[in-house]
Amino acid sequence: MPADIPLEEPTRRVSARTDPRGVHVWDRTFRLWDTYFAIVWLATLVFVLGTAQPAWPVRLAAAALLVLLVPLYVSVGRPVLMTEGVAERRAVTYIAAAVAVYMVPGVLVGETRLMAFALVPQCFIALRYRRAMIAVTVINIAPVVGWALLWDISRQDLFFNSVFAVVTLVFSAAFGGWTIRIMDQSQERAELIAELDASREEVAQLSADRGALAERERLSREIHDTLAQGFTSVLMLIQAVDAELDHDVPRARRHLALMADTARQNLAEARALVAGGAPADLDGASLPDALHRVASRHGALVRVLGEARPLAPGLEVVALRGCQEALANVHKHAPPDTPIQVELAYGEADLTLVVRDTGPGFDPAEATDGFGLRGLRARAAEVGGTATVTSAPGAGTTVTVRLPAPERTLT
């Protein structure tokens, strides 16, 4: 017996394996085993009936017993073998019955021992290794011993048959150990493939969840930077109009016109958001033009430094949203008519947006970032840039957004 054959009983016996298309591989390939068993059985029957000795009644009796193996295999053996020995007690019963039926013709007619080539694989499929080796030893050795005791045979025939039985036993042990190792490796690979498929499904689900979360965050930022700020402006304008109707009708009318313009802008932003296109202010316009539009609604001035050039759409969106967020914060926290300056600087390898106001300012150590500033920093980080806020009580506030923008035209 080879040294690497395990002495302990292998712990195989697992559920049926399937290929990627969901077809049971063992069920499909078992037809080959059926064919192999049938060929060996038929060859054995031909050898038994065709041999010259012993007398034909003995050979006929041996052939009749061999015929019993067919219904035994079909009704009991095949179902047991297809479960790969999961039903241990039933497997032992079947192998014991098959060996008992085989033993008599094996003793009567030496040619019957060809049937061992069909029974030995069944032992290793149905039984655990130790029990399979016991059955295989009986199948190979016992018929030779019984045959030698029953018939008057020459020493030469006894020697050759004994050597053949031993060689067959050794081969059976080696083949059985190899078969079990192959089956174990196949099952391990099947389990690894199943785990890999499960991991892929989990990764796909996590990726989908991450994508959905990123999309929600993007929509949240877009809504905050556009619709929410527009609605806030409308509410503030409504309050101003309500206070001006009794004593300053012309100014109230100007605020009403601004309310209508803000509402139209919000509608355009909502349509752009649904369509997934560029912000309304950037639609068909350059970044400086878009900043002029946004700044004019807040009474701010825009200064462009350097030679303006087309940039990647993502960079222009970040710059525009940064300007909108900074202006909205001035509108919320600074007194009305606070002077605001917007500066857009095109560098050789970067783009810098600065929004300054001369409002009351605040102490950064005591302030906490709101959703808008966190969103602005996240936008800038997504394109490899930064967003900083500097302020001090009584010294106004400056929002600076720096973005990498190589000097090349992007489409």
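T400 is in contact (heavy atoms within 4.5 Å) with T352, L353, V354, T386, A387 and T388, leaving aside its neighbours within four places in sequence. T400 lies in strand β5. At 11% relative accessibility, T400 counts as buried, where buried means under 20% relative accessible area, exposed over 50% and partly exposed in between, with a 1.4 Å probe and protein chains only.

This is a predicted model, in which local features need pLDDT of at least 70, side-chain atom pairs count only at pLDDT 80 or more, and totals for chains, interfaces and linings use all residues. Residues are numbered from 1 along each chain as its sequence is written, and side-chain values use heavy atoms, with hydrogens and water left out.

**The chain as a whole**

- The protein chain has 10 helices and five strands. Both are DSSP runs numbered from the N terminus: helices are H or I with at least four residues, strands are E with at least two.
- Of the 411 residues in the protein chain, buried residues make up 40%.
- Contacts with a separation of 6 or more were also sorted: residues 24 or more positions apart account for 70% of them in the protein chain.

**The sheet**

- Five strands form an open sheet with mixed pairing, in the order β1-β2-β3-β5-β4. Two strands pair if DSSP finds at least two bridges between them.
- β1 (301–305) and β4 (386–391) stand at the edges, each with a single partner strand, so one side of each is left without a neighbour in the sheet.
- On average, neighbouring strands of this sheet are turned by 15 degrees against each other, direction ignored.
- Strands of a sheet pair through backbone hydrogen bonds, either parallel or antiparallel.
- β1 and β2 run parallel and are joined by five bridges. R303 stands opposite E343 in β2.

**Strand β3 and its partners**

- β3 (residues 350–357) is mostly covered, with six of its eight residues buried.
- On one pairing, seven bridges join β3 to strand β2 (residues 340–346), and the two run antiparallel. Q341 stands opposite R356 in β3.
- A hairpin of three residues links β2 to β3.
- Strand β5 (residues 397–404) also runs antiparallel to β3, through eight bridges. L351 has L403 in β5 as its bridge partner.

**Helices across the sheet**

- Helix α8 (residues 287–297) lies across β1, β2 and β3, and runs at about 175 degrees to β2. Axes are lines fitted to C-alpha atoms, for helices over the stretch in contact, and angles run from 0 to 180 degrees between N-to-C directions.
- Helix α9 (residues 313–333) lies across β2, β3 and β5, at about 10 degrees to β3.
- H331 lies in helix α9. H331 is partly exposed, with a relative accessible area of 35%.
- Not counting residues up to four places away in sequence, H331 touches S233, M236 and H298.
- H331 and T232 are 99 residues apart along the chain, and their C-alpha atoms are separated by 9.7 Å.

**Helix α3 against α2**

- The axes of helix α2 (residues 56–82) and α3 come within 9 Å and cross at roughly 165 degrees.
- That makes α2 roughly antiparallel to α3. Angles under 35 degrees count as roughly parallel, over 145 as roughly antiparallel, 65 to 115 as roughly perpendicular and the rest as oblique.
- The α2 and α3 crossing is left-handed. A crossing is left-handed if the near helix is turned anticlockwise from the far one by less than a right angle, and right-handed if clockwise.
- Residues of α2 in this contact include V58, L65, L72, Y73 and V80, while those of α3 include R90, Y94, V101 and L108.
- The contact of α2 with α3 has 18 nonpolar, two polar and one charged residues. Ala, Val, Leu, Ile, Met, Phe, Trp, Tyr, Cys and Pro count as nonpolar, Asp, Glu, Lys and Arg as charged, and the others, Gly among them, as polar.

**Helix α3 against α5**

- Helix α3 (residues 88–108) and helix α5 (residues 129–150) pack at an angle of about 20 degrees, their axes 9 Å apart.
- α3 and α5 are therefore roughly parallel to each other.
- The crossing in which α3 passes α5 is right-handed.
- Among the residues making the contact are E88, I95, Y102 and M103 of α3, and R131, I139, P143 and W147 of α5.
- By class, the contact of α3 with α5 divides into 14 nonpolar, two polar and two charged residues.
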